[in-house]
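This report describes selected local features of one protein model. The sequence and structure come first, followed by notes on each region.

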Amino acid sequence: MSARLVATGVTVRPEAGGRAILEDASIEVHAGEVHALVGPNGAGKSTLFGVLAGDVTAESGTVELDSAALRSIPPRELARRRAVLLQQNSVSFPFTVEQVVRMGRAPWARTPAEADDDAAVAAAMTATEVTRLAARSVSSLSGGERARVALARVLAQGVDLLLLDEPTAALDLKHQEDVLRLARSRAREGAAVAIVLHDLGAALAYADRVTLLSKGRVVRSGAPAEVLTAAAIEEVYGQQVDVFPHPVTGVPLVVPRR
């Protein structure tokens, strides 16, 4: 598969001369794959995510989208090529759910793709199970419902590069799995998906590729089962674990030793 988004040797410092919070990090996000970014708190996952999204400026290194420097792509064009779901999604005004989801179509205003707005919004709300909430004010929703609305907005954008920062954090078990299945489905359709996850079991079950970070550095990157070994997890997280196949599905499980 072709690499849609490539970061090479990226270093980020919060201030000149300060300690790097991300150092010499490299990652490739390929079309047709779910690429999970994992690591303990403070490992640099969200910083690397911000670099990939174009929201964080690196001190050194390069970031390219389809072989073009990310910083050279005008914001409106970038919005037509990649969609970003952040950890925090606040809405300051009493917009309805449908209005918020429709915001994802803004990059296509005054283009031929604008004709697809209604269908794209409806499909996104159906996929995230928020159609019944369409007329509700977003401010009246639970945290989990708001998270699903935010994801629907991203899906409505209709692009083939999705960057999702902890999209399952506020969700119940069913909707966590729904989000991961959606990510997997979009990748099968040819999209490139980068997703920040804390759940190592979910990364093993749904990702095609995993990048493990620790203390601002990339420790390993590759196939999930090769990266998330018991030894690697114990080294990075400081927690002893057992990794073994599920007795029914065969998918590796990560179980802390207690």
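## Basis of the description

Helices (H or I, at least four residues) and strands (E, at least two) are DSSP runs, numbered from the N terminus. The model is predicted, so local features need pLDDT of at least 70 and side-chain atom pairs count only at pLDDT 80 or more, while totals for chains, interfaces and linings use all residues. Residues are numbered from 1 along each chain as its sequence is written, and side-chain values use heavy atoms, with hydrogens and water left out.

## Positive phi values

D66 sits in the loop between β4 (60–65) and β5 (68–69). Its phi is near 50°, a positive value in a residue other than glycine. Buried means under 20% relative accessible area, exposed over 50%, and partly exposed in between (1.4 Å probe, protein chains only). With a relative accessible area of 34%, D66 is partly exposed.

K215, in the loop between β9 and β10, also has a positive phi, near 50°. K215 is exposed, at 73% relative accessibility. Most residues other than glycine have a negative phi.

## Helix α9

Helix α9 covers residues 230–237, and its buried residues are A232, I233 and V236. Seen down the axis of α9, these residues fall within an arc of 100°, so they line one face of the helix; the arc is that of the directions from the helix axis to the C-beta atoms. A231 and E235, on the other side of α9, are exposed.

The buried residues of α9 pack against α7 (200–206), β9 (209–214), β10 (217–222), α8 (224–227), β11 (241–245) and β12 (252–256). Contact here means heavy atoms within 4.5 Å. After α9 comes G238, with a positive phi near 70°.

## Helices α4 and α5

α4 and helix α5 (residues 143–156) pack at an angle of about 140°, and their axes are 8 Å apart. Axes are lines fitted to C-alpha atoms, for helices over the stretch in contact, and angles run from 0 to 180 degrees between N-to-C directions. The two helices, α4 and α5, are therefore oblique to each other. Angles under 35 degrees count as roughly parallel, over 145 as roughly antiparallel, 65 to 115 as roughly perpendicular and the rest as oblique.

On the α4 side the contact is made by A120, V121, A124, M125 and A127, and on the α5 side by A152, L155 and A156.

R105 is in the loop between α3 (97–102) and α4 (117–127), and is buried at a relative accessible area of 6%. Its side chain makes a polar contact with the side chain of D117 (2.8 Å). A polar contact is a pair of N or O atoms within 3.5 Å; within protein, one must be able to donate a hydrogen and the other to accept it, and residues adjacent in sequence count only if both atoms are side-chain atoms. Residues touched by R105 include A120, V121, A156 and Q157.

Q157 lies in the loop between α5 and β7 and is buried, at 6% relative accessibility. A polar atom of the Q157 side chain lies 2.6 Å from the backbone oxygen of A79. Among the residues that Q157 touches are A79, R82, A83 and R105.

## L163 in strand β7

L163 belongs to strand β7 (residues 161–165). L163 is buried, with a relative accessible area of 0%. Not counting residues up to four places away in sequence, L163 touches L5, F49, L52, A53, R82, A83, V84, L85 and A194.
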